[in-house]
Amino acid sequence: MKIQDTLTKSEQEVDISKKVKIYLCGVTVYDESHIGHARTIIVFDVLRKYLEDKGIEIEFIQNFTDVDDKIINRANEENKTAGEISTKYIENYFEDFDGLNVKRATNYPKATEHIEDIIKFIEKLIEKGIAYPTKNGVYFSVSKFPDYGKLSKKKIDELQSGARIEVDEEKKDPLDFALWKLSDKEPVWDSPWGKGRPGWHIECSAMSIKYLGENFDIHGGGRDLIFPHHENEIAQSESCTGSQFAKIWMHVGMVTIDGEKMSKSIGNVKSIKHVIENWGPNIIRLFCLSGHYSKPIDYSEELLKENLIKWRQVETCHYELFHANNENSENIDEFVAKICTEFDRALDNDFNTHMALSAFFQIVKEVNRLAAEEKLGNENTKTVKKELKRMREILGLTIPEITENVKDEINKLIIQREQSRKEKQFEEADKIRDKLNEMNIELIDHKGKTIWMIKEKIKAEK
RNA sequence: GGUACUCUGGCAGAACGGUUAUGCGUGAGCCUGCAAAGCUUAUACAAGGGGGUUCGACUCCCUCGGGUACCUCCA
């Protein structure tokens, strides 16, 4: 599998001969997660599910930034402790992402639970003469890391000339960034330099190295993290260990609205709660995977609607297979095998989810075609069923299981309706159909038989 | 201003130096008691502008231009 690496600007092979270690920069837990977070996290969710499906062991670490000015500000506004705020939004995070069918990471380390590791990390940088304490905190000396700017392709002197006026005159260089901020106000921890809290970037260096080692396979996040966050992570980590940090830097494009990045100041943020409520998890996932991960994707009702239609096709396909029992069925194993290869090839080639979806839908279409032609048998569909299920699991698309009781009830009603139709009591038949519709059950009348399917309820429909 | 990314048919969106997918939409039809869903078929002579390399470029190079992001916190 090849992934486009931001650092080398070239495709790099992921070493799948052993456990693959992935670190993803998670969220700062001071507010609700939005569709932009969802995209990044869904992309990595599919990546790890795909690799796991191939039988590769994955160690997937995603942090929570639970100490930060924003959290503290929010706590002050709401007259709560920072801990209360971060706990609340971590819970909120899991509600949202469980709802999006995202598999839990191997571990979700929190900054506040790794203060010791962070302090040790900073001490090491001071020992090496790369960081220095001032009366405000400890700073990383950018000039001591000659490769600074290699990820974001920025030149140090250009950054300096563009740098805004710094309040902190203790810093040796305006570009130097905080590793430890001295403070008296909670939340604070003791350190060799006095009470305070860690800077933003250091936690990811400390925690990724702690859990994944000095050089791991993939480090990911949104594109907006390239500078300064990931640039600083590289500077800290490589200064500390003296060796290459992450092997591949994989960055996910922004979700935009009307071509603009979502941001609080513009007020165009779509929360995951809002989007799930209206569209449900499957359509959101299809939407997030519909373009190449590295490119921006524009959020619009129109696109979600398109994915709604596609999702209905998937549901139809699933239930057509579920009910398949035609006598003269066609064998499509060869076709399926071919398309499956395309699916995998697409993902192996810089994780092209759009192409993979395209392959997936080719099978969906083929199944629905056969169903329409009454050529879908029970015998010949084992392979398709298996492969579609595999793809759905990788993509994280879910269709609910139905209990036997419900099935029986549905079947009873269908038989009643058939009887009414035979007797040309169409009003009665339609009543039964309406009743089923209210239960989100849709009937499909084929020539010889009527089948049912359970439609996911989509609030935004109509 | 610097850096990065980007510019493909009505919309979305890939691949490839030589047939440009796929989906949505739209038209027609099939199926149906009517629907819905689904299916079939038709439909786009599309690549920001201009150069160049080539027998041939959407794909490579140059140049001009538009857009977005980052350069402060941000998935």
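Residues are numbered from 1 along each chain as its sequence is written, and chains are lettered from A. Because this is a prediction, local features need pLDDT of at least 70 and side-chain atom pairs count only at pLDDT 80 or more, while totals for chains, interfaces and linings use all residues.

Let's start with the sheet. Four strands line up in the order β5-β6-β7-β8 as an open, antiparallel sheet; strands here are DSSP E runs of at least two residues, helices are H or I runs of at least four, both numbered from the N terminus, and two strands pair if DSSP finds at least two bridges between them. At the edges sit β5 (131–133) and β8 (196–198), each pairing on one side only. Look at β5 and β6 (residues 137–140): 3 bridges join them, and Pro133 has Val138 in β6 as its bridge partner.

A cavity is a set of points on a 1 Å grid over the protein atoms alone where a 1.4 Å probe fits but cannot get out, and its lining residues have an atom within 4 Å of a point. The whole structure has 2 cavities of 30 Å³ or more. The largest has a volume of about 50 Å³, and its lining includes Glu320, Asn326, His446 and Lys449. That lining divides into 3 nonpolar, 2 polar and 3 charged residues.

The second largest cavity holds about 30 Å³ of space. Around it you'll find Val314, Cys317, His318, Phe360, Val364, Leu388 and Arg392. Helices α9 (301–323), α11 (353–372) and α12 (382–395) each supply at least two of its lining residues, with the largest share, 3 residues, coming from α9.

Finally, the rings. Rings of Phe, Tyr and Trp (its six-membered ring) pair if their centres lie within 6.5 Å; planes under 30 degrees apart count as stacked, over 60 as edge-to-face and the rest as tilted. There are 19 aromatic pairs in the structure. One of them joins Phe64 and Tyr93 edge-to-face, at 5.1 Å centre to centre and 85° between the planes. Phe64 lies in the loop between β4 (58–62) and α2 (69–78), and Tyr93 is in helix α3 (residues 82–99), 29 residues apart. Both Phe64 and Tyr93 are buried, that is, under 20% relative accessible area with a 1.4 Å probe, protein chains only. Ring pairs also link Phe64 and Tyr93 with Phe94, Phe97 and Tyr108 into a cluster.

Methods. Side-chain values use heavy atoms; hydrogens and water are left out. On a 1 Å grid over the protein atoms alone, a cavity is a set of points where a 1.4 Å probe fits but cannot get out, and a pocket is an open set with protein on both sides within 12 Å along at least five of seven lines; lining residues have an atom within 4 Å of a point. Grid points are joined across faces, edges and corners, and a volume is the space filled by probe spheres set on the points. Ala, Val, Leu, Ile, Met, Phe, Trp, Tyr, Cys and Pro count as nonpolar, Asp, Glu, Lys and Arg as charged, and the others, Gly among them, as polar. Buried means under 20% relative accessible area, exposed over 50%, partly exposed in between (1.4 Å probe, protein chains only).
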